[in-house]
Protein chains: 2
Amino acid sequence: MNNQAPIGIFDSGFGGLTVMKAIRQLLPHENIIYFGDTARLPYGTKSFETVTQYSIENTSFLVQQGVKAVVVACHTACSHALDTLHEKFSLPILGVTTASIEDIVHHSPSGKIGILATRGTIASGNYQTHIKKLLPSAEVTGIACQLLVNLVEEGYIDHHLTELAIQDYLRPFLNQQIDSIILGCTHFPLLQHLIQKAVGPHIQVIDPAQSCARALKELLTDKQLLNPTALSPNYRFYASDDPEKFSALGQRFLDHPIHHVEKNT
Amino acid sequence: MNNQAPIGIFDSGFGGLTVMKAIRQLLPHENIIYFGDTARLPYGTKSFETVTQYSIENTSFLVQQGVKAVVVACHTACSHALDTLHEKFSLPILGVTTASIEDIVHHSPSGKIGILATRGTIASGNYQTHIKKLLPSAEVTGIACQLLVNLVEEGYIDHHLTELAIQDYLRPFLNQQIDSIILGCTHFPLLQHLIQKAVGPHIQVIDPAQSCARALKELLTDKQLLNPTALSPNYRFYASDDPEKFSALGQRFLDHPIHHVEKNT
């Protein structure tokens with residue numbers, strides 16, 4: 001595999017750009033191809049079979065573009081499809097959820113851990129199962145916060161409705177002496193300040209994108225796939241629905257301009 | 001065409017079941033096939049091209065099932081794709097929006113009309129254009145209320161978050177002396193009591209599903225396609241994602257049990 005080949009990232013839409021943001025900060029010389037499946041988003045409310053089928057199609061598309069590794073930047077796709085993708089494809093595939101599970105298990109003093117995610121991710125039990133594999137004594141409470149996805153996509157980032165929704169959703173955490181919370185959906189890092197405010201300063205709030213970027217750097221180093229050139233990287237963006245909307249809304253997630261988006265149907 | 005053939009209805013998901021509810025109340029002997037494109041919902045945030053393509057595919061599926069007429073029960077699909085469907089297919093096709101536009105123009109005393117709909121429907125200008133064609137002096141104010149769709153799908157029907165969201169969205173109407181509001185999204189009839197409460201009793205709130213059912217009855221009468229038998233009707237439901245979820249969530253919209261749902265991918 002050519003180590004100058006791009007890293008492929010896919011997500012159901014825009015949220016995975018928060019993962020791309022963490023990756024480009026840690027690996028500033030890597031070329032990246034990002035695919036957002038905006039014509040079929042969201043994945044978080046859809047079934048195991050449908051999300052798995054979409055994930056296979058998205059990975060095939062990235063493989064056709066010649067990527068050297070794939071990052072599944074959608075927590076729901078990781079929860080439902082990561083094992084299937086590892087079986088079907090031979091290139092390195094990294095899920096955004098995996099590294100954060102190791103991180104939280106190592107950093108939670110009490111093992112009382114909270115997960116905020118989509119309905120699909122919570123229902124899959126993926127986080128719960130993997131945390132308990134590494135730390136059998138862990139007590140994991142998952143809360144499906146579907147509306148937070150919608151509120152972020154509507155741009156209601158610092159809005160009283162969003163604060164109220166967060167307070168409503170997080171109420172079950174308050175009596176459980178949880179010490180750590182995973183933001184188990186790529187939209188939630190945009191609400192990290194509100195979530196931190198709602199739970200107070202003594203609970204650590206972990207963004208899996210940071211863990212994922214570190215794990216990707218390790219993986220590429222191990223496999224001698226780090227891009228050795230120090231040129232400015234090339235970023236390519238594909239969306240399955242309106243490229244202009246992707247460009248406009250995506251910048252909020254990537255925190256960086258998106259000049260050109262190609263349509264992939 | 002066989003007048004005992006079913007009526008076909010499609011929508012992006014569950015919302016169109018509020019249209020089916022109105023149709024089955026007015027036409028209790030008609031057989032109905034309903035298709036909810038739940039694997040690709042929502043349509044309201046997606047582009048003209050994507051929604052048109054999905055609408056063509058959905059209509060083709062219903063035609064293959066031998067329906068005698070098609071009701072497009074999704075306002076976004078009507079706004080984007082109704083003209084294309086009329087060009088491509090020869091059977092009678094009725095959009096949920098069309099009849100309500102005639103009704104509101106005849107029943108609005110001042111011509112100051114409000115539309116509550118998805119972003120796609122408002123951006124298409126469909127309601128605004130068609131109302132002005134029939135009543136050039138009309139003053140039409142459209143408000144995109146995307147979050148109300150999500151709140152209904154999350155079951156937050158009588159929830160303080162939904163009341164607050166409605167108050168926020170409807171604020172622009174309050175100073176405009178609007179006398180009539182169209183519920184331009186199939187999810188909104190479930191919030192009609194909250195919307196009526198927010199605007200007060202002097203503003204009429206119109207549910208297009210009722211207008212659509214009346215127009216469908218007229219159409220079938222004109223074309224001699226009314227089912228002459230008085231047997232209990234046969235209802236068939238298809239969804240492109242999880243049939244069980246469709247069955248569980250759909251009953252809230254149809255206000256009637258849904259016992260069996262087939263998957264159509």
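A polar contact is a pair of N or O atoms within 3.5 Å; within protein, one of the two must be able to donate a hydrogen and the other to accept it. With that term in hand, the place where the two chains meet can be described. The structure is a predicted model. Chain A has an average pLDDT of 95, and 100% of its residues score at least 70. For the model, ipTM is 0.88 and pTM is 0.91.

The arrangement of the copies comes next. Two copies of a chain are related by a rotation about an axis and a shift along it. Here, chain B is superposed on chain A by a rotation of 180° with 0.0 Å of shift along the axis, and the RMSD is 0.0 Å. The two copies are therefore related as by a two-fold rotation axis. Within chain B, Arg40(B) has the C-alpha nearest that axis, at 2.4 Å from it.

The contact itself takes 30 residues from chain A and 30 residues from chain B. Of the interface residues of chain B, 100% are also interface residues in chain A, so the copies meet through the same surface. Between them the chains bury about 2300 Å², and 49% of this area is on carbon and sulfur atoms. Three residues, Leu147(B), Glu154(B) and Leu161(B), supply 22% of the area that chain B buries against chain A, more than any other three residues.

Across this interface, 16 residue pairs are in polar contact, with both residues at pLDDT 80 or more. On the side of chain B that touches chain A, the elements giving two or more residues are helix H2 (48-64), helix H7 (146-153) and helix H8 (160-174) of chain B. H8(B) gives the most, with six residues. By type, the residues on this side of chain B are eleven nonpolar, nine polar and ten charged.

Side chains of opposite charge can pair when their charged atoms come close. Chain B and chain A have two salt bridges between them. In one salt bridge, the side chain of Arg119(A) meets that of Glu154(B), at 2.4 Å from N to O. Glu154(B) was also named above among the three residues that supply 22% of the area chain B buries against chain A.

Over all chains, the structure holds 16 salt bridges. Within chain A, Asp103(A) and Arg214(A) form a salt bridge through their side chains, at 2.8 Å from N to O. This pair links distant parts of the chain: Asp103(A) lies in helix H4 (residues 96-107) of chain A and Arg214(A) in helix H10 (residues 208-222) of chain A, 111 residues apart.

Notes
Residues numbered from 1 in each chain as written. Chains lettered and ligands numbered in written order. Heavy atoms only, no water. Least-squares fit on C-alpha atoms with pLDDT ≥ 70 in both. Contact = heavy atoms within 4.5 Å. pLDDT = per-residue confidence, 0-100. Buried area = accessible area lost by both parts, 1.4 Å probe. Salt bridge = Lys/Arg side-chain N within 4 Å of Asp/Glu carboxyl O. Polar contact = N/O pair within 3.5 Å; in protein donor to acceptor, adjacent residues only side chain to side chain. Helix = DSSP H or I, 4+ residues; strand = E, 2+ residues; numbered from the N terminus. Nonpolar A, V, L, I, M, F, W, Y, C, P; charged D, E, K, R; others polar.
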